Amino acid sequence: MNMKKFIVLTAVLALLLSCGSKDKGQLVGVKGKKWHPEKPYGMTLVPGGAFIMGKADDDLAGIQDAPAKTVTVRAFYMDETEITNSEYRQFVEWVRDSTIRTKLAILADEVGEVPGNGGIGEFAFKDADSSNMSAYEKYMIDNYSGLGETGYEGRKLNRDIDLVFDTADYPDEYYVEVMDTMYLPIEESYNGQRTWDVTKFKFQFTYMDIAKAAKNKNLRRKDVIHKEEVAIYPDTTAWIRDFAYSYNEPMHNDYFWHDAYSDYPVVGVSWKQAKAFCQWRTQHHNTYRKERKRHYVNSYRLPSEAEWEYAARGGLQAATFPWGGPYAKNDRGCFMANFKPLRGDYAADQALYTVEADAYEPNDYNLYNMAGNVSEWVNGSYDPGSYEFVSTINPSVNDENNQRKVVRGGSWKDVAYFLQVSSRDYEYADSARSYIGFRTVQDYMGTEVTSNARR
């Protein structure tokens, strides 16, 4: 009898499932959210394809670290210009403001201030008023908030109210107390101005080392999730330290913050700071998309060495420079990039230091200053013999134990050799220079866009 009931129940369930199904019993697959491809702002699509990486001509410097090798890279988006001072300032100000908001919220919590009194309570954590919280938010606060070093992890900041920077408008003494901690001490100020204590501008992020996880299957997930904290303010003193017996104080004082240089490439940024910027840009973009219930975008990141060279060539095979070559001048005798020509006549190319990020003509992928202006960090460790052992598809060498990170493209203070698309150089990951900047890339969703297919 029980077996008959089981058979009847199974038949009824099968009938109900078939009646309620829209697939007519066919294997149609699971449909996800509709994907709307979107070209990231300020980026251009570099179609994937194969190219000859390395020196096409004799290596006149005799370094012999870039032998010719045919490799293939997938399609990706790349910033049309180097990251500018204005763009990096957006990152710095976001970190600064987030730090201030966190300090305000913590103090409001400690002194028991809540929204409604017009003082520091207006900047309290979002969960200070739980009346409008969803069931999920209440559950997460009850079970996960405060599980960290400070006891405030997981608490949401209130970004709906603007911060106050005019001292005359500070709402109460608690607010004054917090803001006072963000500036250098009075005894360290001069010319009647207090400046920000930029050592407080630190960005925290977590990431998963997927390559390490894939190669070590016995590791637990938490063993490959890393937490980083990076002081993100550019080292403006690089303008002085990089050049002994040279007067560069105006660049130290004005280059990063003055609006006259907003469209110039940011410098004084280490490899680690460039990586932190990529993490923030991804987070910033996906926060916006989450609010609108859209798919997350792929992470912004530094390009691999192969991606950088492929993009710099602009589809030209065996070219010396992004514009072809073999000369650094065009047919009218004008220099094609910002570098150190004529044995030190910096002004011969119409620039003394850096120039605007979109100066000079772009290459055939619409990328500006892939040669000259500032050298660029890439996501690769420098090994003079790496071309001998890297893969021929999406080659990448990034050894976490090797702190010598590759820089490409040459800069305003380099001779023409370093402007060649195949020339390699390096700097240490924690170093910041007045002639090194960066640009970011983002993986393209799909594989059908290839330069080979367009021919």
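This is a predicted model: local features need pLDDT of at least 70, side-chain atom pairs count only at pLDDT 80 or more; totals for chains, interfaces and linings use all residues.

User: Fine. In what order do the four strands of the open sheet sit?

Analyst: Helices (H or I, at least four residues) and strands (E, at least two) are DSSP runs, numbered from the N terminus. Two strands pair if DSSP finds at least two bridges between them. Here the order is S1-S4-S12-S7, with antiparallel pairing. Strand S1 (43–46) and strand S7 (300–301) are the edges, each pairing on one side only. Inside, S4 (residues 76–79) and S12 (residues 441–443) are joined antiparallel by three bridges, and Phe-76 stands opposite Asp-443 in S12.

User: Which helix lies across those strands?

Analyst: Axes are lines fitted to C-alpha atoms, for helices over the stretch in contact (heavy atoms within 4.5 Å). Angles run from 0 to 180 degrees between N-to-C directions. In this model, helix H9 (residues 305–313) lies across S1, S4, S7 and S12, at about 75° to S4.

User: How many salt bridges does a search of the whole structure find?

Analyst: A salt bridge is a side-chain nitrogen of Lys or Arg within 4 Å of a carboxyl oxygen of Asp or Glu. The search finds 23. One of them joins Asp-259 and Arg-89, with the closest N and O atoms 3.9 Å apart. That pair links distant parts of the chain, 170 residues apart: Asp-259 is in the loop between H7 (249–254) and H8 (271–291), and Arg-89 is in H2 (residues 85–111). Asp-259 is exposed at 59%, but Arg-89 counts as buried at 9%.

User: What does Asp-109 form a salt bridge with?

Analyst: Its partner is Arg-155, at 3.6 Å between the closest N and O atoms. Asp-109 lies in H2 and Arg-155 in the loop between H3 (135–144) and H4 (173–181), so the pair ties together parts 46 residues apart in sequence. There's also a network of salt bridges linking Glu-305, Glu-309, Arg-313, Arg-408 and Arg-424.

User: Is Asp-242 buried or exposed?

Analyst: Asp-242 counts as buried because its relative accessibility is 17%. You'll find Asp-242 in the loop between H6 (238–241) and H7. Leaving aside neighbours within four places in sequence, Asp-242 is in contact with Arg-433, Ser-434 and Tyr-435.

User: Last one: which residues form the nonpolar patch on the surface?

Analyst: Patches are made of residues with over 30% relative accessible area and no salt bridge; like charges are joined within 9 Å, nonpolar side chains (Val, Leu, Ile, Met, Phe, Trp, Tyr) within 5 Å. Accessible areas come from the Shrake-Rupley method with a 1.4 Å probe; for residues, only the protein chains shown count as cover. Here Met-208, Ile-210 and Ile-225 make up the patch, with about 260 Å² of accessible area together. Ile-225 is in strand S6 (residues 225–231), and counts as partly exposed at 40% relative accessibility.

Technical notes: Residues are numbered from 1 along each chain as its sequence is written. Side-chain values use heavy atoms; hydrogens and water are left out. Buried means under 20% relative accessible area, exposed over 50%, partly exposed in between (1.4 Å probe, protein chains only).
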